[in-house]
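Subject: A structure for you to look at

Hello,

Here is the structure I promised to pass on. Please open it first, then read my notes beside it.

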Amino acid sequence: MVTRHETYDLSRQNTFGMKVSCRLYVEVTEPEDLLTLDFDALPQPLFVMGGGSNLLFTGDFPGTVLHMGNRFLHPSGVRNDKASVIPSEAKESLLVRVAAGVVFDDFCAWAASEGLWGPENLSLIPGEVGASAVQNIGAYGVEAKDIIDTVHAFDRQERRFVDIPGADCGYGYRTSLFKTAWKGRYIITAVTFRLSTVPQPKLDYGGVRKALGNREPAPQVIRDTIIEIREQKLPDPKEIGSAGSFFCNPVIERAHFERIVAIAKAENGPEYEVPHYDVGEKVKVPAAWMIDQCGFKGMRLGGAQVYPKQPLVIVNATGTATPEEIIALEQRVIGTIKDKYGIELHPEVEHV
Ligand code: EPU
């Protein structure tokens, strides 16, 4: 079914809570409807959106916003009374096809309740399954690409459905070909994930192992632990508007990193250690740390605020922040960090 709404209010369709509208909003519940949809007749430009949790509408959208509202979850195995799901094609893994419109965390909750391994570290990331395959969402040492087997999509160019192996999607840190070379070409209709029936705990990132304590790692226990960690430092989307991490963590040359270490030691004392992760020859420096060092924690600009508990996140503190206020705060952060550390931060949040 295709539902159309003219001049549609998008306030509840974006987690930042921007009070904006689009000229036409199209909700598609059956992928087959894409075959008969006259794309050329839709107000342009066309923007395909998921849960609206990783974007900033910079104003009213002049064209069409299309959302895939299909919601199914089909495991490749069969259920019986005792074990929950029996893997079909291989003993140690199971394929599950999940519709683009399923809330990603509902899929995480299902996998954990079935004792299946794979998405537990991605628990509570906002957004929908379709978008997870565009953005290659990630947290606590796991990325969506680690469990994506196949992406199912409608190819607008060829007007047919295609199955794209995850390995061909050009996945990188919060990116894929869907965001770059293929932008606008495919509408993702479902994703097949490969989940493991044998234990594969990933506990090495950040404070996961510590937060787990003595508890026996099982998908549900890890999921609960990740939820506890996230709830401590990230704003609850039901209470305060945001789009999660606003900036990507930059990866820089080692010589550049050494200059940053010198600045940090001059300011914080010779024993001070700059948090970082080695990425091959290069170094990833947490943007949150730089924003913190520049004194931005809690800084307000109109209704926009650098979230005090995790300065990587910009929030709509009053519920009435405008896109202009968010962008002004973003630019102030980018400019200050460029001046101090010579690093240009790039937003992780898509600006529409
Ligand atoms: N830090 C500070 N001051 C602060 C906060 C953090 O100095 O006030 C430093 C700490 O050293 C900390 C480091 O920054 O160890 C990095 O923070 P953390 O590992 O908590 O998270 P992150 O690197 O800021 C990334 C993802 C998150 C994901 C977490 C956990 C990006 C852009 N963000 O954040 O993803 O949940 O790791 O894996 O890569 C999202 O994409 O919306 C998102 C929340």
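One term before anything else: contact, or touching, means heavy atoms within 4.5 Å. This is a predicted model, so local features need pLDDT of at least 70, side-chain atom pairs count only at pLDDT 80 or more, and totals for chains, interfaces and linings use all residues. Residues are numbered from 1 along each chain as its sequence is written, and side-chain values use heavy atoms, with hydrogens and water left out.

**The whole chain**

The chain holds eight helices and 22 strands. Both are DSSP runs numbered from the N terminus: helices are H or I with at least four residues, strands are E with at least two. The radius of gyration is 21 Å, close to the 20 Å of the globule rule for 352 residues, so the chain is as compact as a globular protein of that length. That radius is taken over C-alpha atoms, and the rule is 2.2 Å times the number of residues to the power 0.38. Along its principal axes, the C-alpha trace spans about 60 × 50 × 35 Å.

How much of the chain is buried? Of its 352 residues, 50% are. Buried means under 20% relative accessible area, exposed means over 50%, and partly exposed lies in between (1.4 Å probe, protein chains only). The accessible surface comes to about 16500 Å², and 51% of it belongs to carbon and sulfur atoms. Areas come from the Shrake-Rupley method with a 1.4 Å probe; for residues, only the protein chains shown count as cover.

Now sequence distance. Take the contacts between residues at least 6 apart in sequence: 66% of them join residues at least 24 apart.

Charges next. There are 37 positive and 46 negative side chains, and the centres of the two sets lie 2 Å apart. Lys and Arg count as positive, Asp and Glu as negative; His and the chain ends are not counted. Each charge is placed at NZ of Lys, CZ of Arg, CG of Asp or CD of Glu.

**The cores**

A nonpolar core is a set of buried Ala, Val, Leu, Ile, Met, Phe, Trp, Tyr and Cys residues joined through side-chain atoms within 4.5 Å. The largest one has 47 residues. Phe-247, Ile-291, Ile-326, Ile-337 and Leu-345 have the most contacts inside it. Several elements each supply at least two of its residues, among them β2 (21-28), β5 (61-68), α6 (254-268) and α8 (323-341). Which element gives the most? It is α8, with six residues.

Find Leu-345 on your screen. Not counting residues up to four places away in sequence, Leu-345 touches Phe-247, Cys-248, Pro-250, Ala-287, Met-290, Ile-291, Val-333, Ile-334 and Ile-337. A second, separate core has 42 residues, including Val-129, Leu-195, Val-208 and Leu-212.

**A covered helix**

Helix α2 (residues 104-113) is mostly covered, with seven of its ten residues buried. They are Phe-104, Asp-105, Phe-107, Cys-108, Trp-110, Ala-111 and Ala-112. Gly-115 follows α2, and its phi is positive, near 75°.

**Residues at the surface**

Glu-239 sits in the loop between α5 (219-233) and β15 (241-245). Glu-239 is exposed, at 70% relative accessible area. Asp-278 is in strand β17 (residues 277-279). Asp-278 is exposed too, at 52%. Leaving aside neighbours within four places in sequence, Asp-278 is in contact with Arg-254 and Val-283.

Arg-160 belongs to strand β13 (residues 160-165). Arg-160 is partly exposed, at 42%.

**Backbone details**

The peptide bond from Gln-44 to Pro-45 is cis, with omega near 0°. Pro-45 lies in the loop between α1 (33-36) and β3.

Asn-136 is not a glycine, yet its phi is positive, about 45°. Is Asn-136 buried or exposed? Asn-136 is buried, with a relative accessible area of 0%. Its place is the loop between α3 (129-135) and β10 (138-139).

Tyr-140 also has a positive phi, near 50°. Tyr-140 is in the loop between β10 and β11 (142-143). At 10% relative accessibility, Tyr-140 counts as buried.

Best wishes
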